[in-house]
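Dear colleague,

Please find below the structure that I promised to hand over to you.

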Amino acid sequence: DRVLSDGTASHKVAYICTLGVWPKFRQHRLAGELLNALLRRADSDPEIKALSLHVLTTNQVALHFYEKNGFTRLRLLKDFYTINGQLCDAFLYVRFLHGGSPPSALFASLASSLQKPVRAVVSAVCGQLYAVFRRVAAWGSGNKRHSI
């Protein structure tokens, strides 16, 4: 998840797609055992800095389970799931490992909002620099018709 990763190859985020227990086998701590097995696996790889998952906002049992097991609610994702044709919200949960931490919310927001304008400015400046360098190269080669 781009929210959790710093973009480097040594910063991995493991994702729990589904963790469920068939109804007749619930109340036997199987979900906890499955989660602990995943945590042990993630803990064995020092490059994994976060373990993330999505949970329906209405699934109170799962919300309590993950919070009890050290996961933190990071953000609300509106209309994340479509279930029986109906849009449903989800929460993004994360548990940081090996010194992993969330990017600064202010920095992430600022970087996201400035990405397009900065790209446009850099593109315009590079275009202007290219034109100047072309004129300097032409002037330096003896073609005096171009002024700087």
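This is a predicted model: local features need pLDDT of at least 70, side-chain atom pairs count only at pLDDT 80 or more; totals for chains, interfaces and linings use all residues.

I begin with helix H2, which spans residues 60-68. Its buried residues are Ala 62, Leu 63, Phe 65 and Tyr 66. They lie on the same side of H2, because they cover an arc of only 165° around the axis. In general, an α-helix has 3.6 residues a turn, so residues three or four places apart point the same way. The face of H2 turned away from the buried side carries Gln 60, Val 61, His 64 and Lys 68, which are exposed.

What do the buried residues of H2 pack against? Their partners are helix H1 (30-43) and the strands S2 (48-56), S3 (72-83) and S4 (86-96). After H2 comes Gly 70, which has a positive phi, near 85°.

Next, Asp 45 is located in the loop between H1 and S2. Is this residue, Asp 45, buried or exposed? Asp 45 has a relative accessible area of 14%, and it counts as buried because the limit for that class is under 20%. Apart from neighbours within four places in sequence, Asp 45 contacts Lys 12 and His 98.

Finally, Leu 38 belongs to helix H1 and is partly exposed, at 36% relative accessibility. Setting aside neighbours within four places in sequence, Leu 38 is in contact with Ile 16 and Leu 19. The C-alpha atoms of Leu 38 and Ala 14 are 9.3 Å apart, while the two residues are separated by 24 residues along the chain.

Yours sincerely,
A colleague

Definitions and conventions:
Residues are numbered from 1 along each chain as its sequence is written. Side-chain values use heavy atoms; hydrogens and water are left out. Buried means under 20% relative accessible area, exposed over 50%, partly exposed in between (1.4 Å probe, protein chains only). Helices (H or I, at least four residues) and strands (E, at least two) are DSSP runs, numbered from the N terminus. The arc is that of the directions from the helix axis to the C-beta atoms. Contact means heavy atoms within 4.5 Å.
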